[in-house]
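I opened the model today with a notebook beside me. Here is what I looked up, starting with the ligand and ending with the sheet.

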Amino acid sequence: MSKRILVTGATGTVGSELARLLVTAGCDIRAATRSPEKAERLFRSEVDVVELDYRRASTFDAAVDGAEGIFLQAPPFDPDARETLVPLLDWAVQAGVGNVVMMTAMGVEVRDDLPIRRLEKHVESLGVAFTLLRPNFHMQHFAGGFLGERIRRTGAFSMPVGDARVSIVDGCDVAEVAAACLLSDEHDGKEFTLTGPEALTHQEIAETISGVIDAPVAYESVSDEEMLARLTSTGWRPEIAGVVIALYQSVRGGVRAPVTGDVAQVLGRAPAAFSDFAARNTDSWLSVVGQNP
Ligand SMILES: NC(=O)c1ccc[n+]([C@@H]2O[C@H](COP(=O)([O-])OP(=O)(O)OC[C@H]3O[C@@H](n4cnc5c(N)ncnc54)[C@H](OP(=O)(O)O)[C@@H]3O)[C@@H](O)[C@H]2O)c1
């Protein structure tokens with residue numbers, strides 16, 4: 001019988017790729033989202049979709065029904081990640097889920113003060129098999145989300161990180177690692193810090209994008225205050241924007257620079273480089289061509 005797995009955040013970067021990988025591997029997937037129509041458009045009829053909102057317990061039963069494993073991720077930049085996810089986690093374990101693969105973030109293991117680290121500790125205490133995946137920033141930020149959108153519109157992007165290096169990782173590699181952890185018990189109890197193969201500055205990232213589209217893409221380093229003002233002026237709630245700024249401070253502190261061998265350890269191959277990612281995603285930035293002659 002095929003393994004039933006609940007994939008949370010299934011409309012997101014890692015969740016959508018993971019759902020497809022697990023379906024291909026023959027699993028019985030429930031792709032969880034707050035917006036089933038959005039997920040049905042994304043997956044067509046390839047994947048079964050279920051409504052799930054971490055903040056509405058009335059959606060938990062249908063989502064966890066019959067699931068043996070769960071891929072779990074907090075909403076992006078959630079300042080209350082522990083409070084958001086513990087109710088669903090406890091519900092799932094009570095309902096018989098025996099394997100939790102959770103995606104948090106690189107470096108949280110040394111930050112016991114963070115809600116996301118306290119969430120990891122809760123997972124460790126549940127008494128079920130678990131694996132913790134701690135990725136660096138996903139390369140997909142530069143093609144989607146607010147950064148990708150900014151590059152497409154203006155041919156430039158700003159961040160408060162100076163020339164700090166970041167070992168960004170391809171979200172597709174993160175999804176492949178998550179699939180491996182859900183499909184085998186070989187990785188139970190382990191923690192993986194998932195990075196790309198090299199640590200790049202944002203200037204190097206801009207130059208790589210520029211190279212694949214053959215048009216200028218500019219990177220500008222700004223202050224925390226400037227970045228905060230830009231985020232809040234475009235509708236970001238101050239407490240969420242504050243989480244983003246704290247992340248950038250950790251980048252400046254060098255926390256996101258180390259390169260690990262964890263992707264290769266699980267997948268038996270090197271992680272994708274940003275140049276591979278950029279070559280695969282050229283279409284994301286084509287609107288820049290001709291903007292800044
Ligand atoms: N992005 C990165 O570079 C990165 C790096 C390391 C770690 N992480 C971690 O990965 C997690 C996801 O971040 P991301 O940027 O990858 O996000 P993403 O691709 O935008 O996906 C976020 C997903 O979360 C779901 N979601 C949001 N609020 C929800 C709620 N209340 N109930 C149920 N589902 C909800 C969304 O589903 P619907 O909108 O369809 O409901 C969406 O599919 C975060 O915990 C983040 O800290 C991200």
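I began at Gly-9, where a backbone N or O atom sits 3.2 Å from an oxygen atom of the ligand. I count a polar contact as a pair of N or O atoms within 3.5 Å. With Arg-55 I looked at the side chain: one of its N or O atoms is 3.5 Å from a nitrogen atom of the ligand. I then checked burial: the ligand taken alone exposes 890 Å², and the protein buries 87% of that (Shrake-Rupley areas, 1.4 Å probe).

**A note on the source.** This is a predicted model, in which local features need pLDDT of at least 70 and side-chain atom pairs count only at pLDDT 80 or more, while totals for chains, interfaces and linings use all residues. Residues are numbered from 1 along each chain as its sequence is written, and side-chain values use heavy atoms, with hydrogens and water left out.

**Ligand, shell.** I found 24 residues around the ligand, the closest being Thr-11, Thr-33, Arg-34, Ala-74 and His-138; a residue is included if one of its heavy atoms lies within 4 Å. The shell splits into ten nonpolar, ten polar and four charged residues, with Gly counted as polar.

**Sheet.** I traced an open sheet of seven strands in parallel pairing, ordered S3-S2-S1-S4-S5-S6-S8. Strands are DSSP runs of E, at least two residues long, and two of them pair if DSSP finds at least two bridges. The edges are S3 (48-51) and S8 (191-194), each pairing on one side only. From one strand to the next the twist averages 20°, using axes fitted to C-alpha atoms. S6 (residues 129-135) pairs with S8 over four bridges, in the parallel sense, and I saw Arg-134 opposite Thr-193 in S8.

**Helices.** I followed H1 (residues 13-24) across S1, S2, S4 and S5, at about 165° to S1. Helices here are DSSP runs of H or I with at least four residues, contact means heavy atoms within 4.5 Å, and angles run from 0 to 180 degrees between N-to-C directions.

How values were computed:
A polar contact is a pair of N or O atoms within 3.5 Å; within protein, one must be able to donate a hydrogen and the other to accept it, and residues adjacent in sequence count only if both atoms are side-chain atoms.
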